[in-house]
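Reader: Could you walk me through a few spots in this structure? I am new to this, so please take it slowly.

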Amino acid sequence: MQYTIDNTLARAGELVGEFERRIGDVEPMERGIAISEALFVFATVADLKPRRILESGRALGQSTYLLGRAFPDTAIISIEANADHPDAGPALQRLRGLSNVECLFGNSRVLLPRLTRPGDVVIIDGPKWFRALKLAYTVMRRRQPALVFIHDCERGTPFRRFVERRIPWSFFSDDHRFVQQYCRLDRYLGDAELRRWSDPDHRPRDESYAGTFGCIPARPGFPGLGAMLRVSGARIAANVAKSVTKRTITAPASRQRAAHPRRRDGTASPGAGASS
Ligand SMILES: C[S@@+](CC[C@H](N)C(=O)[O-])C[C@H]1O[C@@H](n2cnc3c(N)ncnc32)[C@H](O)[C@@H]1O
């Protein structure tokens, strides 16, 4: 099966009506993936008809809920680290009605490589950035999922550049053709913002749209040992850069804000390989 942005665009065009029927009344949530991002996953894996989707990072369960509704015949296995977090109870409550969803608590870095089976779909939205990629690589090497999605692949970040350079067959939900057509699903943005993103002549060129999923389709022999070492090295380098920046940067808060714009949930946009 060929996974490319062109195939995702074609399938999204055919399936958006069915997707909206399935998830139609789900309200957007500030802290969670965007509804158009769920369509990106839905359209990408539509032909695979996955038996299981494993998710790492549930929080309040917006992504879990969208997956559970969009894929009623697929087992959604969701892993969240933090059972004591105030999000945990409301997420379980919300997901209780979906019989295809199983909620686990634990560290995905331990559980995902154990639970994934060949042909599964894996979605990582915590841990973040290079930690997420290292986890993706580990799972791909040991368990052969069909493809892995990683959230928070924002354009312009060192992490995104790394993924684009090292995994050239990966593709992203902030592809301008996808955003232009389907940002309308993210009503929380408001009319003016939606017009901005859907106008081919005036769309923002340098900004990433929403958190942004990166999709990494499996390839035989990937990742090899060299790729594993490179991602470990990049993670260490990003952590060192982060701690040096923390100690030395004295820029006024306004300048720092411009460099790392706020996301819609008010948290800082992910920067140079920070980790959760
Ligand atoms: C951005 S939130 C997830 C949002 C959710 N996917 C949604 O769209 O509603 C990230 C979550 O990942 C969890 N997380 C981070 N590292 C983790 C790990 N190693 N194992 C399991 N969960 C982890 C965090 O506790 C946090 O709740």
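Reader: Is A210 buried or exposed?

Author: Happy to start there! This is a predicted model, where local features need pLDDT of at least 70, side-chain atom pairs count only at pLDDT 80 or more, and totals for chains, interfaces and linings use all residues. Residues are numbered from 1 along each chain as its sequence is written. A residue is buried if 20 or more other C-beta atoms, placed from the backbone, lie within 10 Å of its own, exposed if 12 or fewer, and partly exposed in between. A210 has 23 C-beta neighbours inside 10 Å, so A210 counts as buried.

Reader: Where does A210 lie?

Author: Helices (H or I, at least four residues) and strands (E, at least two) are DSSP runs, numbered from the N terminus. Phi of A210 is near 55°, a positive value in a residue other than glycine. As for its place, A210 sits in the loop between α9 (191-198) and β7.

Reader: What is phi of T212?

Author: T212 is also placed in the loop between α9 and β7. With 24 C-beta neighbours inside 10 Å, T212 counts as buried. T212 is a residue other than glycine, yet its phi is positive, near 80°.

Reader: Which loop holds P127?

Author: Nice one to look at, as the peptide bond from G126 to P127 is cis, with omega near 5°. P127 itself belongs to the loop between β4 (121-124) and α6 (129-143).

Reader: What is omega for the peptide bond from F222 to P223?

Author: Find P223 in the loop between β7 (213-217) and α10 (225-248). The bond from F222 to P223 is cis, and its omega is near -5°.
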